[in-house]
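Hi,

Here is the model I promised to pass on. Have a look, and then read on for what turned up in it.

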2 protein chains.
Amino acid sequence: MEAALVELKRRLGEIADLSRAGNVLVWDLEVWMPPRGGPARATQLSTIQRLVHEMATADRIGELLDELEPYAASLPHDADDACLVRVTRRQWEKARRIPTDLAAELMKAAVESYQVWVGAREAGDFQAFRPSLERMLELTLRKVECFAPYDDPYDVLLDDYEHGMKTEQVEEVFAALQPELTALVDEHATDEGAELLRGTFPTDKQDALSREIIQAFGVDWDAFRLDLTVHPFEVTFGVGDIRLTTRYDESDLSSLFTAMHEAGHGLYEYGVSDALDRTPLFGGVSSALHESQSRLWENVVGRSLPFWTWFYPRLQETFPAKFASVPLHDFHRAVNRAKRSYIRVDADETSYGLHVILRFELERELLSGRLAVTDLPDAWNTRFHELLGLEVTDDRMGVLQDSHWSGGSFGYFPTYLLGSVLSVQMWEKAAEAIPDVEEQLERGEFAELHAWLRDNVYALGSKFTPAETVERVVGGPIAPEPYLAYLRDKLDAYAAA
Amino acid sequence: MEAALVELKRRLGEIADLSRAGNVLVWDLEVWMPPRGGPARATQLSTIQRLVHEMATADRIGELLDELEPYAASLPHDADDACLVRVTRRQWEKARRIPTDLAAELMKAAVESYQVWVGAREAGDFQAFRPSLERMLELTLRKVECFAPYDDPYDVLLDDYEHGMKTEQVEEVFAALQPELTALVDEHATDEGAELLRGTFPTDKQDALSREIIQAFGVDWDAFRLDLTVHPFEVTFGVGDIRLTTRYDESDLSSLFTAMHEAGHGLYEYGVSDALDRTPLFGGVSSALHESQSRLWENVVGRSLPFWTWFYPRLQETFPAKFASVPLHDFHRAVNRAKRSYIRVDADETSYGLHVILRFELERELLSGRLAVTDLPDAWNTRFHELLGLEVTDDRMGVLQDSHWSGGSFGYFPTYLLGSVLSVQMWEKAAEAIPDVEEQLERGEFAELHAWLRDNVYALGSKFTPAETVERVVGGPIAPEPYLAYLRDKLDAYAAA
């Protein structure tokens, strides 16, 4: 039994090593790679994906799991080894459904398709991207078929990001949110304050401020990097090596929120118990849980009045011509302003959910075959107008804006909104545990909040299912009400003022 | 037979992909990795090394080679497939001598030891590095034993860098060089001109000049990057993805030569026939051949009067306070000045060989067991004084200066000098073929030289042995006389002036 555990951990460790090597290749691809490096990189990632898939689906892993079941059953449900056997069994059975060739083909096509998307987005040319997207959709549907029978093809894909969650649960949460969000946008969307956040902000100063903020949150530069990319993301190379990426736009301050967002992802990964390193239990448990942390730091903390009470003087010092005579409350109102806008990642908190709901609806249509790729831009533009009241006239501002579908990440989008919803539930629990948390934030002190999240959320890694994890932390399922109340409170505060 | 060839190429392609993934990890390690990333990276590289070794030594490769031998025998000696079978056979047989565990252990120990060396070098603390070096030596000797019986343990290691070459051939070349180099240093070493190359040269300007020069040489920024590191190197990720690294010292212009040197390595790799991609035939054939190209571009071209006739006006424009009133010939003399110095990579061309010979001698002593690691600094300092007439009082300026031994690269050093020797033989052949090459260089035109080298050297990749390759290009073996004549000509020209 001891020998079986050692062998299982050795095999899982090698799989983790190879997956993380793949992470390094993806990071370099998006941060540094010269233009002609694409084809070789796609082939390398495909080979790694093939090897990881072969190793992760080996018969031997099933034998070892069989041997270890009695041991695992003898342990408490939350013992690391019990979780390891449980989670490995689940992932092994799932991965074995997908032929290695298909897994490698998906990876290679995703890398190629991403390159095509980059060019098509720059050119605003959906037709240039269409064949790649059709190919990704076709491969994705082949993957879905590996899990037949299923209630809904979308369930199969959602499971990759939010294990155990069903599409109808998402629908239920979104159905509660959509009319409320629409009503909030209708009531509060305003252009007032927009000018306040536009100006000329040299990128070196934005970079220095970004680093100052996320270092205060808990980012340790001995274990983190922050680099530039087109589409910001976080990726983990190991317990002491977390890579954040961001982008700077000289004309606004959105980079500060991007840095806080990616730092939230990074702090989650950084806080996972070291004992889980090089196992499937390492890393954040699901996309929604991950997003709950990025949005907690970006929005619940990073757009709060206590946060800006601390940091606004630094911003005023840095850009005195712009902010010296602007009161804190005007600035705070501006960073929380509800607005109608085209780009999801630039959206305010209130309208953000509508951007996500649009994508969720369209993904479901594509996957069910009710919507053809060629009709996607029209469908996007029509529904976008219904949800957000704006006409899309340029696909760069519409269907081409996100990289996700180029990489075959269908089923990912809803987790953004689920995470936002959950971030408020988590914050409420943290605030119960730390009664003076707002006063701490006003002083730029984040250590106690970080420690609470680390101990109660991050350290768990992927030991439990997403639903179990949520239950452990907030005492119930993902629920939209606290999130809606939080948005209303913010918007009403200024509407009343 | 056709099926065997397809399968062999598929397997070799996957091995190449995984090796190149390892290259990306090593590059990131040396260029970007945060300090605490080391342990995870070492484990990842060890896992990749283990997998590469397993894949490269699989029984199945031997079976495929057996099946393909008649086909290969039916082809001309220089047919790609004939070379592929021949080279794969040789590498497969060699790799199978080394147990996978030992290969993985060597890789992991090398990464760890490199980290220790970085710290020890910074601190000038050889004792901190000693245990790591002892471990690398012990593992290296275990590797050597896999090739028993051998004439000389050093032959085994040299073969990794210069396949087929024997230690006694190196000794013979070095024996012809050492007294001549010593005599040249004795006669020509001077401090005159040293001040000319010292000053304050902002690194952004050095960077711009470096890029301008190597772009003129043939570096295509769609396929190359140039980044910063402690110990400059070149590494290839794919046919369209070549990474050069360099470093800048504000107080001198050495970075220009570093960039030319690494660009030489990069152009070699970049010029390999695309048809050889993802096979063992891709890439430069040996370390000496590689070094012949880096030193050809750095020294034979980059320290020549024709080159500086072209580029010196640009340097004068960039740093007018320093160079506006300095004649070209004074500058050219200064960049070719013979001197006695501590650091190999800063050495002039004439004394450079003595730095290499020192390391070659000490490596042989260490490997034979005649010299203990603990006595290495004393041995270094004693022999350094004999060869270069300087007292080493700080190990940072002595035994700790190079990373090679930390990575277990015993047997590598002699190839630096062999490459220098060969660079002059290659240049003479190129100059025969391009009678006006010097006039072209004076005009900043490098395309014809680059094309000659690509067609005659680079394109061959690793199709032939190093000795065969040298024979094909220069019509004979590596021979010291042209190199010595080249050095004498340069030094005498100014001595006479």
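In which sense do strand β1 (residues 224-228) of chain B and β3(B) pair, and over how many bridges? They pair in the parallel sense, over 5 bridges. Strands here are DSSP runs (E, at least two residues) and helices are too (H or I, at least four), numbered from the N terminus; two strands pair if DSSP finds at least two bridges between them.

Before the rest, some housekeeping. This is a predicted model, where local features need pLDDT of at least 70 and side-chain atom pairs count only at pLDDT 80 or more, while totals for chains, interfaces and linings use all residues. Residues are numbered from 1 along each chain as its sequence is written, chains are lettered from A and ligands numbered from 1 in the order in which they are written, and side-chain values use heavy atoms, with hydrogens and water left out.

Back to the sheet. On β3(B), R243(B) has R225(B) opposite, and V235(B) is a bridge partner of R243(B) as well. Strand β2 (residues 234-238) of chain B pairs with β3(B) in the antiparallel sense over 4 bridges, and a hairpin of 2 residues links β2(B) to β3(B).

β2(B) is largely enclosed by the rest of the structure, because 5 of its 5 residues are buried.

Now the interface. 38 residues of chain A are in contact (heavy atoms within 4.5 Å) with 38 residues of chain B. The two chains bury about 3,000 Å² between them, 62% of it on carbon and sulfur atoms; that is the accessible area (1.4 Å probe) lost on putting the two parts together, summed over both. The rule finds 8 salt bridges across it (Lys or Arg side-chain nitrogen within 4 Å of an Asp or Glu carboxyl oxygen). D241(A) forms a salt bridge with R41(B), the closest N and O atoms being 3.3 Å apart. On the side of chain A that touches chain B, α1 (2-31), α2 (38-56), β1 (224-228), β2 (234-238) and β3 (241-246) of chain A each supply at least two residues.

Cheers

Terms used: Buried < 20%, exposed > 50% of the residue type's maximum accessible area, 1.4 Å probe, protein only.
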